[in-house]
Amino acid sequence: MNNIFKVSAFTLQEAFAKKLILALLILTVVFLGLYFYGAHALQENLTERAAELGRERLRRADEIYATLSIMGLYVVNFLGSLVGIMLGVSTLSGEVESGLLMTILVKPLKRAELVLGKWLGLSVVSLVYLALLSLGVVYGTYWITGYIPADYIKTIVLMGLGTWILLTSTVLCSAIFPVLTSGVVMFMVYALSWTGGLVGNLGKFTATPLMEKIGVYSHYIFPSDAMWRFASYYLQTRSMRDLPEGIRDGNPLVGSTPIQSGDLIWAFCYLVALLGLAIVVFRRRDL
């Protein structure tokens with residue numbers, strides 16, 4: 001266990017040394033600046049329209065601010081997914097190709113400890129980044145508009161679970177393939193998962209059973225996109241959740257149902273299975 005924490009700490013130091021954290025912070029500040037500028041412009045526009053109608057606040061203001069929060073966190077979820085893939089893609093195969101891994105493994109360190117340590121360190125970086133950025137969007141929106149989603153903690157937890165699955169999948173790919181192949185495979189998997197969720201939503205909206213089945217299958221084959229769709233449900237207002245089934249499925253980027261315990265158990269089992277497989281594969285890999 002001590003070796004796992006040492007590798008984890010080394011992985012964190014490596015992320016800082018490569019200025020990865022600094023690059024993330026700079027890009028995050030740019031994104032937040034653009035988002036808050038847009039939110040402020042929207043708030044001013046809605047306030048003016050409410051004043052013209054002789055009201056303090058538009059009747060549908062909460063729905064508009066909820067949609068703003070959903071779009072902001074949708075981008076955060078995308079950035080978190082991107083960070084998870086970029087962090088994991090070279091974590092094992094990159095060091096195998098550079099020869100650095102042979103130096104590390106000369107020390108009394110098991111391959112399983114190396115995989116677990118790196119996975120733990122990268123998990124800390126990606127999940128902390130996602131949580132802080134999500135909270136920044138939620139509370140920044142609240143500061144500008146006065147609106148805050150009631151269940152935003154559930155949203156952030158589910159987004160974190162989706163990112164964690166992506167990161168762990170990337171570590172597994174890195175244990176099997178070279179760096180470039182791992183990156184291509186993971187971006188394709190991410191795109192297919194997103195497409196499956198999109199097709200599923202469109203299937204519900206158009207009452208097309210085959211498209212609905214594709215969405216359900218993609219949910220179980222690779223559940224990261226499904227975690228976002230469940231997460232987005234908790235950002236919606238009561239009136240948005242109570243819309244008729246055909247209408248509330250009309251937005252292809254968000255979900256219309258809360259997560260069930262079976263979905264949560266499947267996602268955690270999936271994550272543990274990926275990690276276990278990464279350890280088994282890397283222990284047998286010819287270095």
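## Rings and a helix: worked exercises

At 39% relative accessibility, Phe 78 counts as partly exposed, because that label covers the range between buried (under 20% relative accessible area) and exposed (over 50%), with a 1.4 Å probe and protein chains only. Keep in mind that this is a predicted model, where local features need pLDDT of at least 70, side-chain atom pairs count only at pLDDT 80 or more, and totals for chains, interfaces and linings use all residues. Residues are numbered from 1 along each chain as its sequence is written, and side-chain values use heavy atoms, leaving out hydrogens and water.

**Exercise 1.** Work out how Phe 78 and Tyr 190 pair up.

*Solution.* 
- Start with the search: it turns up 11 aromatic pairs in the whole structure. Rings of Phe, Tyr and Trp (its six-membered ring) pair if their centres lie within 6.5 Å; planes under 30 degrees apart are stacked, over 60 edge-to-face, the rest tilted.
- Phe 78 and Tyr 190 come out as tilted, at 6.4 Å centre to centre and 50° between the planes.
- Now place them: Phe 78 is in helix H3 (residues 61-88) and Tyr 190 in helix H8 (residues 179-206), so the pair ties together parts 112 residues apart in sequence. Helices here are DSSP runs (H or I, at least four residues), numbered from the N terminus.
- Tyr 190, at 18% relative accessibility, counts as buried.

How values were computed:
Helix = DSSP H or I, 4+ residues; strand = E, 2+ residues; numbered from the N terminus.
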